[in-house]
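Colleague: Hi! Could you walk me through this one while I have it open?
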Amino acid sequence: MPDATRYLAVLRELADRLTEGRLPSARFGPAFWTSLELPPGDLLDLLRRLVVADPAPQEGDRPRFLDTAADLLAADPTALQRHLVRWFDDERPLPATPHATVATAAQALLHTHRQRALDDLTEALVDAAHRHADDLLGVLAEEEPSALCRAVDRWAHDERPARRVAALTYGLRAAPHVRTDADRELLRYAALALLARPGDTTLHAGALTLLVRDPHTRARHLPQALRRFTAGDPHLPPAALAAALPTHPDQVLEAFRTRLLTAPPQDTGQMLAALTDTAPPPLARRVAALMRETVRQRPEALAQPLAEYAAQRLQDADDRLFPLLAGLLQDGPDRVRTALAAVLAEPGTPASRPLRRDLRDVLLTHERDPAVLDTLLHAAVPVTGPEELRPLVHRIGLLLVRTPEGAARFDRALVDLARLAPGFAARLTGWLTTDPADWAALVGPSARRTIEQLAGVRLPVWAPA
């Protein structure tokens with residue numbers, strides 16, 4: 001027939017029966033459907049219904065509907081991209097492709113065949129306003145930054161507000177991956193266009209972020225960005241300001257000092273990370289000094305965010321942490337040292353263990369507060385391996401028994417851990433039995449009796465010769 005459009009209802013019923021296994025697949029394979037005279041959108045919609053009936057790749061050479069869709073897309077991407085984007089609403093799994101759905105298959109096809117019509121693809125995706133489209137645009141921002149920069153420039157000058165929001169969103173995502181002056185120029189003009197619109201005030205912080213990242217516009221727009229940052233603008237991320245550290249260290253560090261001293265605790269972790277992660281080596285000492293200063297002034301607000309940041313970065317064995325944390329472990333506030341002690345007790349990844357040991361040595365060399373040592377002991381015992389456990393407990397004990405308060409804490413901690421930490425009571429009685437002289441001055445009589453009751457053993461009493 002010259003036009004099969006009027007039979008679309010019948011064809012959809014036919015496709016559904018085929019996917020349900022109620023029709024012979026060989027008779028109604030891809031060749032049957034591509035022979036129909038249909039508009040591209042209708043044909044793609046029928047193929048969308050049919051792809052769930054595809055055989056697995058290892059099941060012979062039977063033609064696949066997904067391959068047919070790929071061939072059609074490759075032959076005319078401009079015409080078919082927008083129709084394939086409509087598959088994003090179909091979350092049916094593909095039996096022949098584990099972990100894939102019709103929607104993710106469409107994503108993969110659009111990504112694979114993107115090169116011939118990149119600009120058309122970005123427009124189709126932004127029109128879709130769908131999470132799968134957003135995901136693919138994010139991938140393109142990394143892999144095809146030039147195409148995204150062209151799109152951002154178009155959208156920034158668009159009269160539709162949604163397009164200007166998209167310009168900022170994907171301009172920020174593409175910026176770290178831009179490598180050419182031409183692309184930087186496109187982002188620069190897009191940011192300036194957004195900043196020039198008085199009605200788009202919610203986009204101005206993001207536009208300033210782009211302009212501060214750009215060395216050509218940084219000096220002119222940095223003061224405005226710093227004012228908004230210190231005022232607590234939530235749309236101006238700390239990393240954007242930290243990018244200006246190499247060229248404007250004094251202004252940027254002063255802005256971070258002001259913000260760290262006033263920001264709510266939930267916002268400080270991001271600032272600590274931005275400073276440490278982006279500071280060039282020549283500024284590492286100044287950054288560490290600033291962070292120590294602000295943590296000392298606001299220990300109640302900054303201790304926990306600092307500990308969480310340290311725990312995350314220690315997993316990566318980031319040596320840049322050492323100057324900051326070592327300084328705080330030596331003379332930081334009690335609350336900060338306590339929070340860091342709990343972090344350093346964790347074994348962490350194999351790569352992080354040498355750095356953790358070095359920092360723990362700093363703590364044990366300088367620490368005299370019984371509360372901090374008690375925190376380290378309680379946190380370390382349940383997670384420390386048997387080879388390291390005895391020397392660690394013994395060393396902490398030697399530090400604690402220097403004062404009556406510390407000795408009492410050590411006794412209580414041993415009893416608590418013997419009750420609660422699996423296997424610790426047996427290990428402790430083994431140490432006290434094998435080396436009674438080493439432990440005689442550390443474990444008090446009442447603690448010994450309680451440990452004996454818990455372990456069900458009689459401990460030897462050591463007396464000097």
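Modeller: Happy to! Helices here are DSSP runs of H or I with at least four residues, strands are runs of E with at least two, and both are numbered from the N terminus. Keep in mind that this is a predicted model.

Colleague: What share of the residues is buried?
Modeller: Buried residues account for 50% of the 465 in the chain. The accessible surface is about 22,100 Å², and carbon and sulfur atoms contribute 53% of that.

Colleague: How about contacts, what percentage joins residues at least 24 apart?
Modeller: That would be 65%, counted among contacts between residues at least 6 apart in sequence.

Colleague: Switching to charges: how many positive and negative side chains are there?
Modeller: There are 56 positive and 60 negative side chains in the chain, and the centres of the two sets lie 4 Å apart.

Colleague: Let's zoom in on α7. Which of its residues are buried?
Modeller: Helix α7 spans residues 118-128, and its buried residues are L118, L121, T122, E123, A124, L125 and V126.

Colleague: What covers those buried residues of α7?
Modeller: The cover includes α5 (77-85) and α6 (102-112), along with α8 (131-143), α9 (145-156) and α10 (161-174).

Colleague: And what comes just after α7?
Modeller: Just after α7 you'll find A129, with a positive phi of about 50°. A129 is not a glycine, yet it has that positive phi. A129 sits in the loop between α7 and α8.

Colleague: Is A129 buried or exposed?
Modeller: A129 counts as exposed, because its relative accessibility is 67% and the cut-off for exposed is over 50%.

Colleague: Now A317, what's its phi?
Modeller: A317 has a positive phi of about 55°, although it is not a glycine. A317 is in the loop between α18 (299-315) and α19 (321-331). With a relative accessible area of 24%, A317 is partly exposed.

Colleague: Changing topic to aromatics. How do you describe a pair of rings?
Modeller: By the distance of the centres and the angle of the planes. Rings of Phe, Tyr and Trp pair if their centres lie within 6.5 Å, and by this rule there are six aromatic pairs.

Colleague: Take F28 and F32: why is that pair edge-to-face?
Modeller: The ring centres of F28 and F32 are 5.1 Å apart and the planes are at 90°, so the pair is edge-to-face. Planes over 60 degrees apart count that way. F28 is buried at 12% relative accessibility, while F32 is partly exposed with a relative accessible area of 27%.

Colleague: How do the rings of F424 and W431 sit?
Modeller: Their centres are 5.9 Å apart and their planes at 80°, so F424 and W431 are an edge-to-face pair. F424 counts as buried at 1% relative accessibility, and W431 is buried with a relative accessible area of 12%.

Colleague: Last one: which residues do ring pairs link into a cluster with F28?
Modeller: F32 and W33; ring pairs link F28, F32 and W33 into a cluster.

Note on methods
Residues numbered from 1 in each chain as written. Predicted model: local features only at pLDDT ≥ 70, side-chain atom pairs only at ≥ 80, totals over all residues. Heavy atoms only, no water. Buried < 20%, exposed > 50% of the residue type's maximum accessible area, 1.4 Å probe, protein only. Contact = heavy atoms within 4.5 Å. Areas by Shrake-Rupley, 256 points an atom, 1.4 Å probe, with all protein chains shown as cover. Lys, Arg positive; Asp, Glu negative; His and termini not counted. Charge placed at Lys NZ, Arg CZ, Asp CG, Glu CD. Phe/Tyr/Trp six-rings, centres within 6.5 Å; stacked < 30°, edge-to-face > 60°.
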